[in-house]
Amino acid sequence: MNFKDICKKIKEVKIQGATNIARMGVISLSFKNASVKKLISLRPTEPLLRNALRVAKKFSPKIALDHIDSSEKKIIKKGVRKVKKVVFTHCHSSTVVNILKEAKKKRKKFEVYVTETRPLYQGRITAKELSKAGIKVTEFIDSAARVALEKSDVMLIGADAITDDGEIINKIGSGMFAWTAKRLKVPVYVCTDSWKFDLRTLSGKEEIIEERSSDEVWEDAPSKILIKNPAFEVIKPEYITAIISDLGVFKPSTFVKRFKKKYKWLLKRN
Ligand code: RUB
């Protein structure tokens, strides 16, 4: 694989999920013609990629990759404790999948409900990975999420971005499902590397929501029909029980405070 191949795979969501994209982005820096600007342009709603590339450039790729690996271990340890009898998840978060695999290794008894995640069906990746690990998994169409949540004990999702206001940005549908979960009194945990904090939101800028091609939704749609295909959406902090990150398990506002305290050096622009 060369740099161009990696970019194509990220753009086409063949390499997907914030953590996989960030890891690959950092690794690809050693390739000929690698460009930070190009990598960042591929998936605009990915602060972990931006932060990891910044650290890789400023210090070393190893420091960035070590952070991602050690964070993952800490999140898994905390996340396993939140696994209950029926776990609801959406899309494909490697962080959530790793928590569930670890819970299985620890012989916890549970099953997973996953939504298919149109238009690209990343829910199928989750379903296949969990099933391969011997975990009982049921796939639902996205519009059956309330039906699934009514029978769930906990909702575990990943994140693409965390804003200064403690909002989470994750796969489209996540906000709607978190809203529903709150009404059904199902706790919502967001499992994420703290470096998904979006530094741009510190100056009041809004995180950009990636708008993807309409072809993914309806390839040969009649030309007069407009199609929107936002890849992500915001989850307001009031719908989040806690953020499980390498910093610990905290409410969104506390997470933001802790992040700013720990990563003063990352907050500095240069
Ligand atoms: C994937 C997605 C994932 C987060 C977190 O979207 O929304 O929940 O990226 O993933 P896409 P991880 O398929 O469009 O990249 O926990 O692996 O960082």
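Lys62 lies in helix H5, residues 61–80 (helices are DSSP runs of H or I with at least four residues, strands are runs of E with at least two, and both are numbered from the N terminus). At 55% relative accessibility, Lys62 counts as exposed; the terms used here are buried for under 20% relative accessible area, exposed for over 50%, and partly exposed in between, with a 1.4 Å probe and protein chains only. The side chain of Lys62 makes a polar contact of 2.6 Å with the side chain of Asp66. A polar contact is a pair of N or O atoms within 3.5 Å; within protein, one must be able to donate a hydrogen and the other to accept it, and residues adjacent in sequence count only if both atoms are side-chain atoms. Lys62 and Ile27 are 35 residues apart along the chain, and their C-alpha atoms are separated by 9.1 Å.

A word on what you are looking at. This is a predicted model, in which local features need pLDDT of at least 70 and side-chain atom pairs count only at pLDDT 80 or more, while totals for chains, interfaces and linings use all residues. Residues are numbered from 1 along each chain as its sequence is written, and side-chain values use heavy atoms, with hydrogens and water left out.

Let us turn to the ligand. It is surrounded by 18 residues, and the closest are Gln16, Thr19, Ser93, Ser94 and Thr95; a residue is near a molecule if one of its heavy atoms lies within 4 Å of it. Helix H2 (18–28), helix H6 (94–105) and strand E6 (168–171) each supply at least two residues of this shell. In the side chain of Gln16, an N or O atom is 2.7 Å from an oxygen atom of the ligand. For Thr19, the distance from a polar side-chain atom to a ligand oxygen atom is 2.5 Å, and for Asn170 it is 2.7 Å. Taken alone the ligand exposes 460 Å², and the protein buries 100% of that (accessible areas come from the Shrake-Rupley method with a 1.4 Å probe; for residues, only the protein chains shown count as cover).

Where does the ligand sit? Its place is the largest cavity. On a 1 Å grid over the protein atoms alone, a cavity is a set of points where a 1.4 Å probe fits but cannot get out, and a molecule sits in one if more than half of its atoms lie within 2 Å of its grid points.

Strand E6 also belongs to an open sheet of 3 strands, ordered E5-E6-E8 with antiparallel pairing; two strands pair if DSSP finds at least two bridges between them. Strand E5 (161–162) and strand E8 (232–235) are the edge strands, each pairing on one side only. Between E6 and E8 there are 4 bridges in the antiparallel sense, and Ile168 stands opposite Ile235 in E8.

Next, follow strand E4 (residues 154–157), which is covered on both faces: Val154 and Leu156 on one side are buried, as are Met155 and Ile157 on the other. E4 pairs in the parallel sense with strand E1 (residues 86–90) over 2 bridges, where Met155 is the bridge partner of Phe88. E4 also runs parallel to strand E7 (residues 188–191), joined to it by 3 bridges, and Leu156 has Tyr189 as its bridge partner in E7.

The loop between E7 and E8 holds Asp193 and Arg212. Asp193 counts as buried, at 4% relative accessibility, and its C-alpha atom is separated by 8.3 Å from that of Ile244, 51 residues apart along the chain. Arg212 is buried too, with a relative accessible area of 11%. A polar atom of the Arg212 side chain lies 3.0 Å from the backbone oxygen of Lys11, and a polar contact of 2.8 Å joins the side chains of Arg212 and Glu216.

Val13, in the loop between helix H1 (3–11) and H2, has a positive phi near 65 degrees although it is not glycine, and at 12% relative accessibility it counts as buried. Arg107 also has a positive phi near 65 degrees as a residue other than glycine; its loop runs between H6 and E2, and Arg107 is exposed, with a relative accessible area of 71%.

Terms used
1 Å grid on protein atoms, 1.4 Å probe; cavity = no way out; pocket = protein on both sides within 12 Å on 5 of 7 lines; lining within 4 Å.
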